Structures are given as C-alpha cells and as structure tokens.
Amino acid sequence: MPTKEEIFSKIQAALVEALGVDEDEVTPEATLMGDLGAESIDFLDIIFRLEKAFGVKISQDELTQNDIITNPAYQENRKLNAAGLKALKERIRDGDWATFEKDPSIDKIQSVFTVGTIVNFIEQKLAAK
C-alpha cells in the first residue's frame, strides 16, 4: 500500500496533466473547480488518469457526487437537505463542512471537494482492493 505522500504525488501529477496547472498549485487544500479551474468535462480525464495510476475502477458518480446531488430525495430547491448532507458527509469525510452547511447549495458542492479529498478517496479504494 502506498503512503499518503505517494498517493498525493501521483494525484498531483495526474491533475497537472489533466488541467494544465502548475505543480505548486495542486495542494491538498486546493479545490478542483474553484482553485484549479476544472470543468465537468475534465473529470472524465481525471478519472481515467487516476484509474491508470492506481489500478482501480472509479465511477464518475463516485468522484463527482452526481448520484447524491441529482437524487430528488436529497435536495429541495437546489439545496441539499439533511439526508443529502448526511450522505455526502459519509462519502467526503474531510470536506469544509462548516462553510458548506451555511449554504448547502448544489452549485457550491465543489467547495468541499479538494485534492485532499481525492487523496483520501484513493487511499480508501486501495485499502478495499
């Protein structure tokens, strides 16, 4: 099992290639869409690169949380309800919840999704492998 630093290094390389950003911009705290400028189409490339780098299968829903944010049982007026927040927190354990809970707008979901979140996600995938 690779160390957290080794996982981060591979993710950093994948994001630099996929997004055309500088290596020093890819920090554990950087958000994919806000700080690194990722667009929804970029997630397909990111997923492909992560699968190749780590030898794991990743569905787009797992990485983008689409299965949660598009579920009508989890939202009301484009905001996540308590059940939606709970489901998202179970999946993204290290998100910036204090900020997001003040305004759980679906349009702001990416604010809790950081490079560190991907590191933890990959770490969990590798541990389950």
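**View 1. Leu36 and its contacts in the predicted model.** Leu36 touches Leu15, Leu19, Val21, Glu25, Val26, Ala30, Thr31 and Val115. Residues up to four places away in sequence are not counted here. The model shown in this and every other view is predicted. Leu36 also belongs to the largest nonpolar core, where this residue is among those that touch the most other members.

**View 2. The largest nonpolar core.** This core holds 40 residues. Ile11, Leu15, Leu36, Leu50, Leu63 and Ile122 touch the most other members. Several elements give two or more residues to the core: H1, H2, helix H4 (66-69), helix H5 (82-91), H6 and H7. H1 gives the most, with seven residues. In soluble globular proteins, nonpolar side chains tend to be buried together.

**View 3. Helix H1 against helix H2.** H1 covers residues 4-19, and H2 covers residues 42-54. The two helices pack at an angle of about 145°. Their axes lie 9 Å apart. The crossing of H1 past H2 is right-handed. On the H1 side, the contact is made by Ile7, Lys10, Ile11, Ala14, Leu15, Glu17, Ala18 and Leu19. On the H2 side, Asp42, Asp45, Ile46, Arg49, Leu50, Ala53 and Phe54 take part. Ten of the contact residues are nonpolar, five are charged and none is polar.

**View 4. Ser105 in its loop.** Ser105 sits in the loop between helix H6 (97-102) and helix H7 (115-128). Is Ser105 buried or exposed? Ser105 counts as buried, because its relative accessibility is 11% and the cut-off for buried is under 20%. Beyond its neighbours within four places in sequence, Ser105 is in contact with Arg78, Lys79 and Phe100.

**View 5. The whole chain, for orientation.** The protein has seven helices and two strands. Along the sequence, the pattern reads α-α-α-α-β-β-α-α-α. The C-alpha trace spans about 40 × 30 × 25 Å along its principal axes. The radius of gyration is 14 Å, which agrees with the value near 14 Å for a compact globule of 129 residues. Of the 129 residues, 42% count as buried. Among contacts with a separation of 6 or more, 55% join residues 24 or more positions apart.

Terms used: Residues numbered from 1 in each chain as written. Predicted model: local features only at pLDDT ≥ 70, side-chain atom pairs only at ≥ 80, totals over all residues. Heavy atoms only, no water. Axes fitted to C-alpha atoms, helices over the stretch in contact; angles between N-to-C directions. Helix = DSSP H or I, 4+ residues; strand = E, 2+ residues; numbered from the N terminus. Left-handed = near helix turned anticlockwise from the far one by under 90°. Contact = heavy atoms within 4.5 Å. Nonpolar A, V, L, I, M, F, W, Y, C, P; charged D, E, K, R; others polar. Buried < 20%, exposed > 50% of the residue type's maximum accessible area, 1.4 Å probe, protein only. Core = buried A, V, L, I, M, F, W, Y, C linked by side-chain atoms within 4.5 Å. Rg over C-alpha atoms; globule rule 2.2 N^0.38 Å.
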